[in-house]
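Hi,

Here is the structure I promised to pass on.

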Amino acid sequence: MEKTIEKIFNRAKNTACEVIFFKNKNSLTRIGDNEISQNVFTDSEYADVRLQKDGINFKFSLNKFDDESLDTAFKNALLSFKYMKKENNFFPLLKTQVKIDYKRHYDEETANLSPAFRAEKAKKIVSYCAKKGMTAYGIISNGSSEIIIANTNGVYQRTTETSLNYDMTIKYGLGYGAASAYSNKSDINYEEINARAIEKAQISKNPSDIKPGKYTVVLEPQPANELLSFLGYYGFSGLAYVEKRSFVSEAMGKKIFPDFITLTDNAIDGKAAGMPFDFEGWPKEKVELISEGVIKNIVTDRSIAKKTGFRYTGHSLPQPNSNGSIAMNIEMKEGNKSLEDMIKDCEKGLLITQFHYTNCLKPKDVEMTGMTRNGTFLIENGKIKKAVKNLRFTQSAIEAFKNIKCVGDKAELFGGYFGKSACPALTIKDFNFSSGTEF
Amino acid sequence: MFDFAKKAIEILDFKKAQFGDVRIIDERTQFLSVKNSNIGDISDDMSLGFGIRVLYNGGWGFASGKDMTIKCVKETAMKAFEIARASSQVKKEKTKLAYEPAHKDFWQTPYLKDPFTVSLEDKLKLLFAIDKVLTADKRIKNAYSRLKFIKTHKWYASTEGSEIEQVLLYSGGYYRAVSANLNEVQQRSFPGEHSGALGMGWELIEDMKMLENAQKVRDEAIALLSAPQCPSDEMDLVLEGDQLALQIHESVGHATELDRVLGYEESYAGSSFATTEKLGKFKYASKIVNLVADGTLPGGLATQGYDDDGVRSKRWHIVKNGILSGYATNREFCSRIGMNESWSCNRADSFASIPIVRIPNLSLMPGQHSYEELIGGIKKGILLNSNKSWSIDQKRLNFQFGCESGWLIKNGKIAGMVKNPVYQGITPEFWNSCDAIADHRSWKLYGVSNCGKGQPTQISRMCHASSPARFRKVKICK
């Protein structure tokens, strides 16, 4: 990678140049209908190259780095400059920063788990399910990713991470159960995940009808994380704030959530830590988004910082970018109750295992809709009474966060569309379910 | 390129693979966007690589490589083989593929003007002209316009002797205006959140009249801020354009992907209510509804000569006179519904992805009514046409879709715009409530460019052509 970057810089000559180099190796074994249905390995690398000249950015991307391909790409890029006009919102490439070579989340064993290892894990759950009249579906995936951000001003940052994901869904009769784990190293307890998914499927075998309406809900970490992720994306993105598309635009400095709600974007040392610099190579800052219920900050890139007067927090996406700055390592401060205690404390409500196909209806209210999935249970007097059929929720995440009654004591790590997040279980009152379905 | 592919085939033959194929893909993507009078994105991307698929002892293996060297192709083939061997240890039954003759052929998307020959200057000029119109009113907080072009050159070779070369072209244009005040955010887009792309050349962009529609889009985005809230009620619904395309996509397209129906997507996207015992019997929709899948549809984003199983593209009914009549299939699963050959729906989104069953171009066939008759036949109803949010359950039954705006219909006439319309339903009930479809004069293609499926997630493209359709007694919510 270093040599390729050098080759690219050599061709840039007097033009300022930035390279974001991605290298990924990923394997995924998929289980469907009690067998391995797909099994893949992908090996990819490519470079996003940004050239700057006369107040203009031009980008190209390529995965071929021979002389001919590079020469053609540069020739086309430099030709393109003459058709383009100076940008109003232009920022020159950053100058040298502290060099970072981040490997905290790299684990050699995890990077190299073999097809045979994954097949063995698959065989174990599939064999059990086949004997018990159940059906297993899921994935075991592992891999490594490396990103280098370098520019001709001397910036050179590198991050290398591994990931392991085990996600299991079990079908038993008409019922489903699911459990999953995501980690940067090989510390996943497969048996525990299998047992949780199996237990939920067994309880869910014959789900009862339930009427839509408002319920107290105990959200396990996965559905709680769906709310958290939407709140983070629609609320604390720099550009949404500037353009007044976010509820934070009018709520900065105000206390709108309960005292025990604290959200932080923390790539440095938090539970959802990861790449500790942004896509321009600037070190990320730990940003308190909500502190004890008070809206405190947004995340910024250089453009957002200039427009708002907030500090540049190191949250730039690859530039130029029409999406602005996004929080990519959000964690929610844990409470002090276990999930079991949260269920015990619930007089009447629903325990939700997963949300499915969530989407935003009204960005400013962060009003969301989606379905429950893989285990929805009625709680009465602190005990799970029975499984119920799935429901559609239509609910503002802001209002849901205002109505949080209890935060769980164990945040789980999730890999998502925009980085990572860590979220504990939540008890929320008056959660709105708008309709039901047939299963 | 076929000489290169043959190296992989030789290795797979030597290792006695049951079946194997190689796809080499050379792709160029150009993407330009303008946001609030600034260049938002501008890129010209090139990628080249290959994917090798192996079936060994009934188990699948797939590996991709990026270096076009003999060493890399050998290593990648061996990796795919190793994975297939591991897969074969956890199989209920050995996978067998439906017969397909070996093809040696060339196919390409028909087009008039190659978009890569149009200068960046002309493309940016168009985007900045649209931006100027959208940003002329300060209540527009976010104006975004984009153009995207993809040329995909692929070579397919299999152990069965196929050698197929194809050149596919994608062109697309889109913009949106987002208005906001203290209380809310509203949006109008053109031609719709998911549409604006087809399998054509630059002539599509010229034909779309993007600039000519910009003022209307801007004004509607602003008008929505003060428009009345959509009422919650049961009423008649006319769907058209981008929204009807999404309705077809989510509630018929995904529901009839055979891998999904058989449970192979259960852990991620879900399964389907449209199970195989219902084929040929189940009343999916009212008898006027005909939904036709067509891999040969001119302009379709899923139109090609052959799929990534090496099967020639076909045309067939998914719903015929209201009855469930077919599925989207590949060579692996088609025998599970008694078919001897696949309906050619196996597609991968890049050289680094394994082909999976994807929604084909799937269109609602035109009906007998004029558009005016559709609207005229409603006492109390609403017209919806531009999607804003979408969600559907894991068996594709309970759906809820939100649109950018709605137009109330009273006594057969459009009575004014409302904001935040959402409608909800259960798939078969909804399609069985369809009592009128407009005729061929308003039948049009709508592209979907962002269909996600599979693990690892792949993004696929397809089209859903339709003319406006009327549905009775639908639940409309706020």
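**Across the chains**

Strand S3 (residues 56–62) of chain A and S2(B) run parallel, joined by four bridges. Strands count as paired here if DSSP finds at least two bridges between them; the strands themselves (E, at least two residues) are DSSP runs, numbered from the N terminus. Within that pairing, Phe60(A) has Asp44(B) in S2(B) as its bridge partner.

Before going further: this is a predicted model, where local features need pLDDT of at least 70 and side-chain atom pairs count only at pLDDT 80 or more, while totals for chains, interfaces and linings use all residues. Residues are numbered from 1 along each chain as its sequence is written, with chains lettered from A and ligands numbered from 1 in the order in which they are written.

Back to the interface: 68 residues of chain B and 73 residues of chain A make the contact (C-beta atoms, placed from the backbone, within 7 Å). On the chain B side, strand S2 (residues 38–56) gives the most, with 12 residues. By class, that side has 27 nonpolar, 26 polar and 15 charged residues (Asp, Glu, Lys and Arg are charged; Ala, Val, Leu, Ile, Met, Phe, Trp, Tyr, Cys and Pro nonpolar; the others, Gly among them, polar).

**Inside chain B**

Chain B splits into domain 1 (2–226) and domain 2 (233–477), with bounds from an automatic or database domain assignment. Their centres, over C-alpha atoms, are 21 Å apart.

Cheers

Key. Two residues are in contact if their C-beta atoms, placed from the backbone, lie within 7 Å.
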